[in-house]
Amino acid sequence: MAPEGGAPDAGDEAAYTGRVSPGGPSDVRELSRVTIRKASVSEQDNNAYLLTCRATGEQLLIDAADDAQRCLALVAEGTGRLNGIVTTHRHWDHVRALEQVANATGARTYAGADDADALPLPPDVRLRHGDTVAFGEVVLAVTHLRGHTPGSVALAYDDPDGTTHLFTGDSLFPGGIGNTTRPEQSFESLIEDVTTRVFDVYDDDTWFYPGHGADSTLGAERPHLPEWRARGW
């Protein structure tokens, strides 16, 4: 996990801060067509995100990381039903509640194709770069980010009435990219994918939501890309 950077300006949505704590309340962001709820579910400060389509009430959970009861309570804070669960990557701290939440809700499960076989519950859908995940009237674009794990994915919601909202798992944090110190990881691969598939694609107003800790914007982080490359983490 990278160090936390400066807090972004919430603009007209100042009620949302993106700061949550283990065992604490959810933070809620109301967009015109989607409601985003963020909760912290473990001692590792894992973030779980619930997205609700405001037109249909269908819901998607991003990372059933831990504490199945808290994840289910998060679902209940919305419409109470869960249509899908996306796992951003295969690391143990992001999948501890996956099987229990999926079994309790009957939700369709999604994960990156190259991480799928390492999960405690094989996903119904194996995601690849350029795929989409849809629930209700909401469509998320899938970006494959290689380096933290082989199959890590980010999910982008392009708000037609606002900016892009990007869920990055452990591939991008305020202050840097995700950990690449283990044998199966690659700094070169991850910094290249984050640069070409995230920063070169989305504008500075894009708000991103990482797998741990506080949020940021691409504009706040973009000036530091050369620094990240130079330091090698």
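Q: Why is D193 called buried in this predicted model?
A: The relative accessible area of D193 is 3%. Buried means under 20%, so D193 counts as buried.

Q: What makes the contact between D193 and R146 a salt bridge?
A: The closest N and O atoms of D193 and R146 are 2.8 Å apart. A salt bridge requires a side-chain nitrogen of Lys or Arg within 4 Å of a carboxyl oxygen of Asp or Glu, so the pair meets the definition.

Q: Which parts of the chain does the pair D193 and R146 tie together?
A: D193 belongs to helix α3 (residues 187–199), whereas R146 sits in the loop between β9 (138–144) and β10 (153–158). These parts are 47 residues apart in sequence.

Q: Why is R146 called partly exposed?
A: R146 has a relative accessible area of 33%.

Q: What makes D66 and R96 a salt bridge, and where do they lie?
A: Their side chains meet at 3.7 Å, N to O, which is within the 4 Å of the definition. D66 is in the loop between β4 (59–62) and α1 (68–77), and R96 is in the loop between β5 (84–87) and α2 (98–105). The pair links distant parts of the chain, 30 residues apart.

Q: Are D66 and R96 buried or partly exposed?
A: D66 has a relative accessible area of 17%, and because this is under 20%, D66 is buried. R96, at 31%, counts as partly exposed.

Q: Where is R90, and why is it called partly exposed?
A: R90 lies in the loop between β5 and α2. Beyond its neighbours within four places in sequence, R90 is in contact with several residues, including D114, D115 and E184.

Q: How many cavities of 30 Å³ or more are counted, and what lines the largest cavity?
A: The count is 1 cavity, and the largest cavity holds about 40 Å³ of space. Among the lining residues are N47, Y49, D63, F167 and Y209. The lining divides into 5 nonpolar, 5 polar and 1 charged. Strand β11 gives the most to this lining, with 3 residues.

Q: How do you know where the model should be read with caution?
A: Over residues 1–12, pLDDT stays under 50. Where pLDDT is low, the predicted coordinates should not be read in detail. For the protein chain, the mean pLDDT is 94, and 94% of its residues reach 70 or more.

Conventions: Residues numbered from 1 in each chain as written. Predicted model: local features only at pLDDT ≥ 70, side-chain atom pairs only at ≥ 80, totals over all residues. Heavy atoms only, no water. 1 Å grid on protein atoms, 1.4 Å probe; cavity = no way out; pocket = protein on both sides within 12 Å on 5 of 7 lines; lining within 4 Å. Points joined across faces, edges and corners; volume = space filled by probe spheres on them. Helix = DSSP H or I, 4+ residues; strand = E, 2+ residues; numbered from the N terminus. Nonpolar A, V, L, I, M, F, W, Y, C, P; charged D, E, K, R; others polar. Buried < 20%, exposed > 50% of the residue type's maximum accessible area, 1.4 Å probe, protein only. pLDDT = per-residue confidence, 0-100. Contact = heavy atoms within 4.5 Å.
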